[in-house]
Amino acid sequence: MIILIAAFIFLLFIGAYILLTAAVIHHLRQYTLPGWTAARFVVPFFFFLSLALFAYAVYFFFTTPWNLLAAPSI
Amino acid sequence: MISLTEGEHVLMTIRRHWFALARHAVFLVLLFLIPLIFVSTTNMLGAGYVEGAWTPLVNFVLCLYLLALLMYGFVLWTDYYLDVWIITNERLIDIQQRGLFDRTISELGMNNVQDVTIEVRGIIATFLKFGNLTVQTASQSTFTINDAPNLYEAKELILRYSQGLNGARHDRAVSH
């Protein structure tokens, strides 16, 4: 049961993260004037770090012994 | 998106001084340090989160925390990046970005500029050469950019072009 709750919260977090990222990227595409180049470097850096941290998060999520943690300690 | 009229060109783009961003970045760094302090403290106290079943869970939460901080930093930078003053040969465009979903764009024709005021306050602002630039219009309203670098250059530019436009208008009126 606890793994389902954790998975739900994790998915909610991922959804919110993707929505916010999409909003920021939209703003950058929409309102950047020609000649403003900083976003070309910052956005890939942000994506790279995000993907790396998400990969780690997924890995740790699946290696967490949720049932063991949910069991009452003796 | 800002579109320029025919014959109009951008003279200068002003963003807030990097120090304004650095102030927020310090807060971000402090938030980043919290988990490090937590880990070192629990290790010192012998709680030993790094052992046993709790390890992956703590690392998982840590990853989510770092992702949230990364997003906060990204939004902060976007706010800084899109919050600009654009000085063209015909007008001043003030784009104020407050967070993600609050954006205000104001324009002021160079021929409406009455007065330009520079305000540098404090030791840091004096050393790093940034401050507030206020433009007063003919209708007594004001345009202000806070923590702007290159203040004197911007002031000279605004005054030169506004006086140029006002002078040309005056010359046309006299010749008629």
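This is a predicted model: local features need pLDDT of at least 70, side-chain atom pairs count only at pLDDT 80 or more; totals for chains, interfaces and linings use all residues.

Guide: Contact, as the word is used here, means heavy atoms within 4.5 Å. Residues are numbered from 1 along each chain as its sequence is written, and chains are lettered from A and ligands numbered from 1 in the order in which they are written.

At the interface, 29 residues of chain B are in contact with 36 residues of chain A. Together the two chains bury about 3000 Å², with 86% of that area on carbon and sulfur atoms; buried area is the accessible area (1.4 Å probe) that two parts lose on being put together, summed over both. Of the area that chain B buries against chain A, B:Phe60, B:Leu67 and B:Phe74 supply 21%, more than any other three residues. The elements that give two or more residues to this side of chain B are strand S1 (10-15), helix H2 (54-82) and strand S2 (84-88), where helices (H or I, at least four residues) and strands (E, at least two) are DSSP runs numbered from the N terminus. Helix H2 of chain B gives the most, with 18 residues. By class, the side of chain B that touches chain A has 23 nonpolar, 4 polar and 2 charged residues; Ala, Val, Leu, Ile, Met, Phe, Trp, Tyr, Cys and Pro count as nonpolar, Asp, Glu, Lys and Arg as charged, and the others, Gly among them, as polar.

Between chain B and chain A the count is 0 salt bridges, a salt bridge being a side-chain nitrogen of Lys or Arg within 4 Å of a carboxyl oxygen of Asp or Glu. Across the interface there are, however, 3 residue pairs in polar contact, both residues being at pLDDT 80 or more; a polar contact is a pair of N or O atoms within 3.5 Å, of which, within protein, one must be able to donate a hydrogen and the other to accept it, and residues adjacent in sequence count only if both atoms are side-chain atoms.

A:Ala57 counts as buried because its relative accessibility is 0%, where buried means under 20% relative accessible area, exposed over 50%, and partly exposed in between (1.4 Å probe, protein chains only). Apart from neighbours within four places in sequence, A:Ala57 is in contact with A:Phe10, B:Phe60, B:Cys63 and B:Leu64, and B:Phe60 is one of the three residues named above for their share of the area. Chain A as a whole has 3 helices and 0 strands, and 32% of its 74 residues count as buried. Its C-alpha atoms fill a box of roughly 65 × 20 × 15 Å along the principal axes.

Back in chain B, B:Asp83 lies in the loop between H2 and S2 and is buried, at a relative accessible area of 16%. Once neighbours within four places in sequence are set aside, B:Asp83 is in contact with B:Ile14, B:Arg15, B:Arg16, B:Ile95, B:Gln96 and B:Gln97.

Although there are none between the two chains, the count over all chains comes to 6 salt bridges. In one of them the side chains of B:Glu8 and B:Arg91 meet at 2.6 Å, N to O, and this pair links distant parts of the chain, 83 residues apart, with B:Glu8 in the segment before S1 and B:Arg91 in strand S3 (residues 91-97). B:Glu8 is buried, at 7% relative accessibility, and B:Arg91 is buried too, with a relative accessible area of 12%. B:Glu8, B:Arg91 and B:Glu107 are linked in a network of salt bridges. Another pair, B:Arg121 and B:Glu119, meets at 3.1 Å, N to O; here B:Arg121 is exposed, at 65%, whereas B:Glu119 is partly exposed, at 30%.

The C-alpha atom of B:Glu119 is 6.4 Å from that of B:Leu133, the two residues being 14 apart along the chain. B:Leu133 belongs to strand S6 (residues 130-137) of chain B and is buried, with a relative accessible area of 0%. Not counting residues up to four places away in sequence, B:Leu133 touches several others, among them B:Trp85, B:Val116, B:Phe143 and B:Ile158.

How values were computed
Side-chain values use heavy atoms; hydrogens and water are left out.
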